[in-house]
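Subject: Handing over the structure

Hello,

Here is the structure I promised to pass on to you. Have a look at it first, and then read on for what turned up in it.

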Amino acid sequence: MKKSKEAESFGVIGLGRFGMALATTLAEAGKDVIVIDKDECKVKEMRQYTEFAYVADNLNAETLEEIGIQNCDVVVVCIGEKIDTSILTTMHVVSLGVPHVIAKATSYDQGAVLKKIGAEVVYPERDVAVRLGKRLISSSFLDFIALDDSVEIRQIKVSQRMVGESIQELDLRRRFGLNIIAICHGSKTDIEVQPSYRLSEEDAIVVVGKVKNIDRFTEHM
């Protein structure tokens, strides 16, 4: 596998549900993917998606280098449950000079250590729980992407109060500090938002802004 400046090659270490789904998604998108796990059955299953599937009991630096993990643009360590293995494996991947290392964590303490090592940290279970919680709390809330702790991109169902209003009349930038970046209507998404467009009850708007401003807007509407 050759290095690429456009993140064309990926490594996925650990083939649990998260790792398997991630590796499959990347492979189906046409990316080069190295997968590593100690479970031969899981590795065998992944060989229908990538020829770079390896069984490894020991995830030390020598083994990872022999496999070629250092040639990946991005490596994701998906061993959140076994904290010691997660931390040591992440440390080895970082030491091999991989440009972008992402590690799954199951607790904030584990995440703090992984960050100090030099990895970007993700919390899959927590993020799914937060997503579900927000959907249960608000009937207008459809989906979101957290850009950081204070900024989100959120898809919001158009309320009855918004039906018939134009984007210009809503004036979300001035009133709430939000920007509308797309309008969804059924299966179609329009990213060229016209100020004169009038909202219908089938629409959903996609906004970006501070979480507190989005919450204030949804409460108001």
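A word on terms before anything else: two strands count as paired if DSSP finds at least two bridges between them. Please also keep in mind that this is a predicted model.

With that in hand, take strands E4 (residues 74–77) and E5 (residues 100–104), which run parallel and are joined by four bridges. Within this pair, Val-75 sits opposite Val-101 of E5.

Now for the wider picture. The protein has nine helices and 11 strands. Of its 221 residues, 42% are buried. Among contacts with a separation of 6 or more, 55% are between residues 24 or more positions apart. The protein exposes about 12,800 Å², and carbon and sulfur atoms supply 51% of that area.

E4 and E5 belong to an open sheet of six strands, with parallel pairing and the order E3-E2-E1-E4-E5-E6. At its edges stand strand E3 (53–55) and strand E6 (120–122); each has a single partner strand, so one side of each is left without a neighbour in the sheet. From one strand to the next, the twist averages 15 degrees.

Which residues have the most contacts inside the largest nonpolar core? They are Ile-13, Ile-36, Ile-69, Val-75 and Val-93, in a core of 22 residues. Two or more residues of this core come from each of strand E2 (32–37), helix H3 (61–67), E4, helix H4 (83–95) and E5. In soluble globular proteins, nonpolar side chains tend to be buried together.

Leaving aside residues up to four places away in sequence, Val-75 touches Gly-11, Ile-13, Ile-69, Val-93, Val-98, His-100, Val-101 and Ile-102.

Finally, turn to helix H9 (residues 211–220), whose buried residues are Val-211, Asn-213, Ile-214 and Phe-217. Viewed down the axis of H9, these fall within an arc of 165 degrees, so they line one face of the helix. An α-helix has 3.6 residues a turn, so residues three or four places apart point the same way. What do the buried residues of H9 pack against? Their neighbours are strand E8 (151–157), helix H8 (172–176) and strand E11 (203–210). On the face turned away from the buried side, H9 carries the exposed residues Lys-212 and Glu-219.

Methods:
Residues are numbered from 1 along each chain as its sequence is written. This is a predicted model: local features need pLDDT of at least 70, side-chain atom pairs count only at pLDDT 80 or more; totals for chains, interfaces and linings use all residues. Side-chain values use heavy atoms; hydrogens and water are left out. Buried means under 20% relative accessible area, exposed over 50%, partly exposed in between (1.4 Å probe, protein chains only). The arc is that of the directions from the helix axis to the C-beta atoms. Contact means heavy atoms within 4.5 Å. Accessible areas come from the Shrake-Rupley method with a 1.4 Å probe; for residues, only the protein chains shown count as cover. Axes are lines fitted to C-alpha atoms, for helices over the stretch in contact, and angles run from 0 to 180 degrees between N-to-C directions. A nonpolar core is a set of buried Ala, Val, Leu, Ile, Met, Phe, Trp, Tyr and Cys residues joined through side-chain atoms within 4.5 Å.
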